[in-house]
Amino acid sequence: MGTGIPAVIIRGILEGGKTTFIIDSIRNGDFGDLGRVLILTQEDGEEEYDNAELKKFNAAAEIVEKEGWNSDNIYSIIRKYKPQFVFVEYNEMWKGDNEDDTFIPDYFDIQQTIAVIDGTTFATYLNNMRQKFVDMIKASDLVIINRCEATPATSQMKNNVKLINSSAAVIALDEDNNELRLVSDLPYDVNGPIIAVNPADFGIFYVDTFDSKERYDGKILDTVCQAAISRGFPPNTFVAGRQAMTCCAADIQFLGHLCAYENNFKVKNKSWIHLTARIHYIEIPGIPEEQIIFEAINIEQVAPLPEEEQVISLM
């Protein structure tokens, strides 16, 4: 952490629920005792700030027009309010060629970046504003999808977010802002001891392993995937995964988990393999979250998948 003013960035599209999230967080004390709070907002949306009410929580809001979103003006506002904590409500639609469109003062100590997305317009923005939408998710530590229903469509939205940013936490909320804990509409059976994952479904499997330890820990995976080997890996390990398109053809990355194997197996970099492995979740000192490790039971080299099937995508 730095020594500047602690700040949280709230990103999203107009009327996506950013203001409601900030107001509720202040009312409920979700971020703890923040001291004197300033909300810098770039829009006057459907939900408005009531400074009389905010004053009860030692908070105030300041609307900054686009032409005023620059270093000098923000500094003058900071001097006026002398905040101990800042919420920056950032409108993704402002992003353009001007560097001040996304300016964040270097005297802010960014604690967290949160994207707040309206679940009813998720697909529309993903399809029609893909790059802005993907950039927003990639830059976020937490993605909150609100106005959701307990349907497979919500599971699909969470899967899409995880494919774009596997390290981000994802929360789905219903109309009353209660968290939805969903059983994903998975295309494979997780009830037996062996989980057979079709190669086309590897992306769904990869995403779900992060949030559903109880489904996979100790189970046996059976799938066709690729092996990626690097000099930096421990001996007798590789990453078992797939090339995945998370945004567009220019944004392809390798998704997978580390796999450990015995000397009797021969594994070549970039080879296609039929992998049978036990799934483990293990704690590693210094890393806050459990890591997913495959323990190879059997490895067989196979012919590559047809070229049109080698890159997976759920977008």
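Some ground rules come before the details. Residues are numbered from 1 along each chain as its sequence is written, and side-chain values use heavy atoms, with hydrogens and water left out. In this predicted model local features need pLDDT of at least 70 and side-chain atom pairs count only at pLDDT 80 or more, while totals for chains, interfaces and linings use all residues.

Let's start with confidence. Where pLDDT is low, the predicted coordinates should not be read in detail.

Now for the salt bridges. The count comes to 7, taking a salt bridge as a side-chain nitrogen of Lys or Arg within 4 Å of a carboxyl oxygen of Asp or Glu. Take R27 and E53, whose closest N and O atoms are 2.8 Å apart. R27 sits in helix α1 (residues 18-28) and E53 in helix α2 (residues 51-56), so this pair ties together parts that are 26 residues apart in sequence. Helices here are DSSP runs of H or I, at least four residues, and strands are runs of E, at least two, numbered from the N terminus. D24 joins in as well, linked with R27 and E53 in a network of salt bridges.

Next come D118 and R147, which form a salt bridge at 2.8 Å, N to O. D118 belongs to strand β5 (residues 108-118) and R147 to the loop between β6 (142-146) and α6, 29 residues apart. Which of the pair is buried? D118 is, with a relative accessible area of 10%, whereas R147 is partly exposed at 26%; buried means under 20% relative accessible area, exposed over 50%, partly exposed in between (1.4 Å probe, protein chains only).

Finally, look at helices α6 (residues 152-164) and α7 (residues 202-211), which pack at an angle of about 95° with their axes 9 Å apart. Axes are lines fitted to C-alpha atoms, for helices over the stretch in contact, and angles run from 0 to 180 degrees between N-to-C directions. That makes α6 roughly perpendicular to α7, a label covering 65 to 115 degrees. On the α6 side the contact is made by N159, K162 and L163, and on the α7 side by G203, I204, V207, F210 and D211.

Technical notes: Angles under 35 degrees count as roughly parallel, over 145 as roughly antiparallel, 65 to 115 as roughly perpendicular and the rest as oblique. Contact means heavy atoms within 4.5 Å.
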